[in-house]
Number of protein chains: 2
Amino acid sequence: MAPVKIGIIGAGSAVFSLRLVSDLCKTPGLSGSTVTLMDIDEERLEAVHTLAKKYVDEVGADLKFEKTLNVDDAIRDADFVINTAMVGGHTYLEKVRQISEKYGYYRGIDAQEFNMVSDYYTFSNYNQLKYFVEIARKIEKLSPKAWYIQAANPVFEGVTLVTRTVPIKAVGFCHGHYAVEEIFEALELDPKDVNWQVAGFNHGIWLNRFLYKGENAYPLLDKWIEEKSKDWKPKNPFNDQLSPVAIDMYRFYGVMPIGDTVRNAIWRYHRDLATKKKWYGEPWGGADSEVGWKWYQDSLGMVTDVTKRVAKFIKENPKAKLADLAKVIGDSLSEQEFIIELNRILDPEKRSGEQHVPFIDALLNNKRDRFVINIPNKGVIPEIPDDVVVEVPAIVDKNGIHPERIEPPLPSRVVKYYLYPRMMRMEMALEAFLTGDIRIIKELLYRDPRTKSDEQVEKVIEEILALPENAEMRRHYLKK
Amino acid sequence: MAPVKIGIIGAGSAVFSLRLVSDLCKTPGLSGSTVTLMDIDEERLEAVHTLAKKYVDEVGADLKFEKTLNVDDAIRDADFVINTAMVGGHTYLEKVRQISEKYGYYRGIDAQEFNMVSDYYTFSNYNQLKYFVEIARKIEKLSPKAWYIQAANPVFEGVTLVTRTVPIKAVGFCHGHYAVEEIFEALELDPKDVNWQVAGFNHGIWLNRFLYKGENAYPLLDKWIEEKSKDWKPKNPFNDQLSPVAIDMYRFYGVMPIGDTVRNAIWRYHRDLATKKKWYGEPWGGADSEVGWKWYQDSLGMVTDVTKRVAKFIKENPKAKLADLAKVIGDSLSEQEFIIELNRILDPEKRSGEQHVPFIDALLNNKRDRFVINIPNKGVIPEIPDDVVVEVPAIVDKNGIHPERIEPPLPSRVVKYYLYPRMMRMEMALEAFLTGDIRIIKELLYRDPRTKSDEQVEKVIEEILALPENAEMRRHYLKK
């Protein structure tokens with residue numbers, strides 16, 4: 001048993017925080033631990049805190065809670081600092097997207113080849129990258145032995161930046177790779193009999209190994225594609241693992257793109273809403289269309305709203321049981337999903353699927369387990385430089401992180417035509433951020449297929465830098 | 001003294017062939033050698049042969065000539081095979097360009113980011129890549145100890161392809177790096193006191209080292225830029241070493257792009273004729289505009305025409321001296337250039353500037369010398385895979401080719417933002433060629449900023465494949 005202090009930065013994200021808390025309650029080896037919830041949104045923080053405490057009381061777990069608006073409190077003496085904060089929130093992202101679209105950049109200037117995820121701002125969210133480094137530096141100062149665990153986007157840029165610049169222990173997690181299970185389910189494969197491996201960059205991972213009962217399982221996928229893919233319909237905007245675009249990418253690259261990798265495709269699939277609908281399915285055209293993203297933002301808004309309502313109800317009815325909450329929650333789609341989530345959280349047999357708590361348990365209590373983890377490459381993918389963060393399977397135990405040998409290797413097309421150009425944009429984003437050289441952001445846009453003139457580039461950058469949120473970014477980039 | 005047999009494939013290229021012949025005449029160590037001129041254009045071959053023989057007779061060199069329409073004759077028992085042939089010639093290139101432009105691809109589908117040189121077709125000239133491999137295989141069979149020396153474009157793709165697929169000795173040469181001398185001249189630097197180095201890919205090399213009398217000479221360039229660059233005017237379409245685009249690239253990348261590298265820029269400098277004029281100078285907008293390229297083709301046509309006229313004149317006047325030929329040549333710009341070239345060829349003190357003959361002399365006669373040469377990387381540029389051909393300085397002597405250590409290393413921006421994407425397109429071109437997978441060429445076009453729809457891609461490829469010259473290419477790509 002190893003009680004620890006875990007700081008969660010951006011804890012106002014209710015679902016994520018409750019998942020971690022419920023995982024902690026179901027992990028006996030972490031009994032007695034302290035969780036410090038930190039957010040700058042006091043109302044959301046308060047609501048999450050209320051729910052978390054209620055949940056812990058109900059299940060009778062030995063877990064202490066703190067809440068704070070001050071990030072230092074979440075870091076000081078922590079053993080693990082989990083960062084899920086999105087600086088500026090969706091309001092900022094939408095402002096930048098709106099400016100970008102005014103100048104001809106559909107879905108925003110950060111939407112780039114192999115980087116179409118709509119909240120994955122790598123060039124125009126200076127504050128987010130800066131916050132990653134700030135947190136890392138605070139860890140270095142206040143709790144130098146703590147692990148920095150990044151859940152916030154962009155994971156690829158963020159973890160590469162932190163591991164290159166601050167000498168602390170850092171990893172990144174994403175749940176995108178669980179989408180392999182959607183493939184197993186469609187093919188009716190018992191997951192226990194599947195031997196699989198994924199490798200690449202976060203939101204750019206590929207199913208390099210796919211064996212069923214020891215045999216190549218790709219022919220089973222081919223059969224599914226031939227017989228069943230025509231009947232495929234997305235259940236929600238994010239449901240794209242078996243969409244036409246995933247299959248098209250599989251056919252070209254030779255292995256399946258997994259999870260958000262399907263979103264991170266070339267412009268051919270993203271030119272406009274009609275194109276997106278064709279490839280990602282009706283009616284949303286995937287998560288990264290104007291329709292799909294609105295669906296997501298509405299869902300997020302409803303989750304926040306439900307969280308607050310539920311917290312209020314609990315305060316007013318301290319004896320109510322969480323299991324009875326379904327009745328006070330409405331029955332919109334998001335609310336239904338909240339209830340499903342709630343039931344999963346309440347089920348003592350089920351884990352959330354987030355890897356953070358099992359990772360901590362594996363490290364501290366030698367609960368040897370397999371993770372898909374973002375760490376500096378150091379030779380795992382031979383063609384990729386050592387100091388670039390890759391997302392690969394690894395065994396974790398008390399001795400640390402042991403990346404698996406990637407076997408068979410990623411196909412040459414994945415490395416040369418997908419990972420290299422994706423890596424280039426990561427390098428441009430980090431160099432721009434680190435040097436404050438605005439010419440790198442301009443160069444990115446000069447190379448953008450949506451750019452028709454230098455003036456367009458100048459104007460869009462000027463207007464983004466003029467946003468009040470970007471006062472510091474502006475100073476950073478215009479200092480010369 | 002080591003008499004050798006040198007086969008020149010594509011010898012109907014008069015200026016190139018005469019340069020090699022004159023260099024051979026001025027190289028005592030290669031006295032007694034045999035030169036086999038090969039071309040499929042009998043009339044041009046005959047003209048070059050006549051001129052070459054006349055020249056050798058006049059200077060009294062010991063050099064034997066053969067001419068042949070059969071490539072095997074140029075390869076059998078050769079010690080060196082120099083390939084300068086462009087399969088299909090400019091006629092083919094212009095046909096493809098015309099089709100491409102009809103479908104919205106200004107300057108052709110092969111014009112790509114970092115690959116704007118107008119005769120550098122890597123995707124649509126299947127016959128050219130195929131010819132490289134054919135020649136290499138013939139060398140392997142007919143004269144396995146011979147060196148394959150590639151002068152024909154695309155050097156980067158061609159030498160990488162040959163060195164990856166055929167086990168013969170192969171190198172590539174280009175004279176592009178001599179453009180460093182234009183910089184020395186502009187800055188009034190004595191070349192003897194300049195310590196310089198270039199590195200990169202063919203048509204993608206950068207002045208990583210530039211010292212004058214042991215000190216960093218870039219500040220001298222900065223001064224020139226500040227004081228004199230505003231007065232710069234191009235002397236011809238190819239005169240771009242100190243053009244605004246070269247200076248702009250220098251400012252961004254931190255070192256000067258050298259020679260054709262200046263042409264191989266991003267679309268920002270190449271969008272249309274007006275843009276090209278702005279960056280490459282009036283009135284041509286550089287060599288790769290419709291105006292500049294017409295100038296070049298006209299010049300080539302005139303050189304061929306003058307060659308034929310001169311050859312005819314010599315046959316009719318066997319006692320005429322080459323030095324007197326100026327009077328029978330006209331006085332158009334190209335004809336004037338031909339005369340300048342002729343005078344250089346006739347001057348016993350001057351070498352042509354082509355590296356082929358000095359390279360042979362260095363290897364055979366241990367005339368240790370420095371070359372800029374295209375060879376498989378094998379660690380010379382650390383970030384680039386071993387089997388990619390790089391253009392780097394090397395010392396050559398009887399023991400072989402000794403690449404210099406690249407010091408200081410290429411700036412990270414050059415490697416990550418220029419060489420990587422250029423390398424990706426080389427890999428796509430070679431994989432398309434080797435596998436016959438048409439989807440790679442489509443993928444290239446899907447990623448092209450000029451592509452607006454899948455139909456555009458389908459149509460342009462279909463029409464290029466339908467050209468009679470491309471019957472074999474069509475079978476290769478549509479076999480599946």
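## Close-ups of a two-chain predicted model

**View 1. Strand E1 of chain A, tucked inside.** Lys5(A), Gly7(A) and Ile9(A) point one way from E1(A), Ile6(A) and Ile8(A) point the other way, and all of them are buried (under 20% relative accessible area; over 50% is exposed and in between is partly exposed, with a 1.4 Å probe and protein chains only). With 5 of the 5 residues of this strand (residues 5-9) buried, E1(A) is largely enclosed by the rest of the structure. Strands (E, at least two residues) and helices (H or I, at least four) are DSSP runs, numbered from the N terminus.

A word on the ground rules: this is a predicted model, where local features need pLDDT of at least 70 and side-chain atom pairs count only at pLDDT 80 or more, while totals for chains, interfaces and linings use all residues. Residues are numbered from 1 along each chain as its sequence is written, chains are lettered from A and ligands numbered from 1 in the order in which they are written, and side-chain values use heavy atoms, leaving out hydrogens and water.

**View 2. The neighbours of E1(A).** E1(A) pairs with strand E2 (residues 34-38) of chain A in the parallel sense over 5 bridges; pairing takes at least two bridges found by DSSP. Here Ile8(A) stands opposite Leu37(A). To get from E1(A) to E2(A), the chain passes through helix H1 (residues 14-25) of chain A, a right-handed β-α-β crossover (with the strands pointing away from the viewer, the path from the first strand over the helix to the second runs clockwise). Strand E4 (residues 80-83) of chain A also runs parallel to E1(A), joined by 4 bridges, and Phe80(A) is the bridge partner of Ile6(A).

**View 3. Helix H10 of chain A and its two sides.** In H10 (residues 273-280), the buried residues are Thr275(A), Lys276(A), Trp279(A) and Tyr280(A). They fall within an arc of 105° seen down the helix axis, so they line one face of H10(A); the arc uses directions from the helix axis to the C-beta atoms. Ala274(A) and Lys278(A), on the other side, are exposed. The cover over the buried residues includes helix H9 (244-253) of chain A and helix H16 (454-465) of chain B. Just after the helix, Gly281(A) takes a positive phi of about 95°.

**View 4. His49 in chain B.** His49(B) sits in helix H2 (residues 42-59) of chain B and, at 10% relative accessibility, counts as buried. Beyond its neighbours within four places in sequence, His49(B) is in contact (heavy atoms within 4.5 Å) with Leu37(B), Phe65(B), Glu66(B) and Lys67(B).
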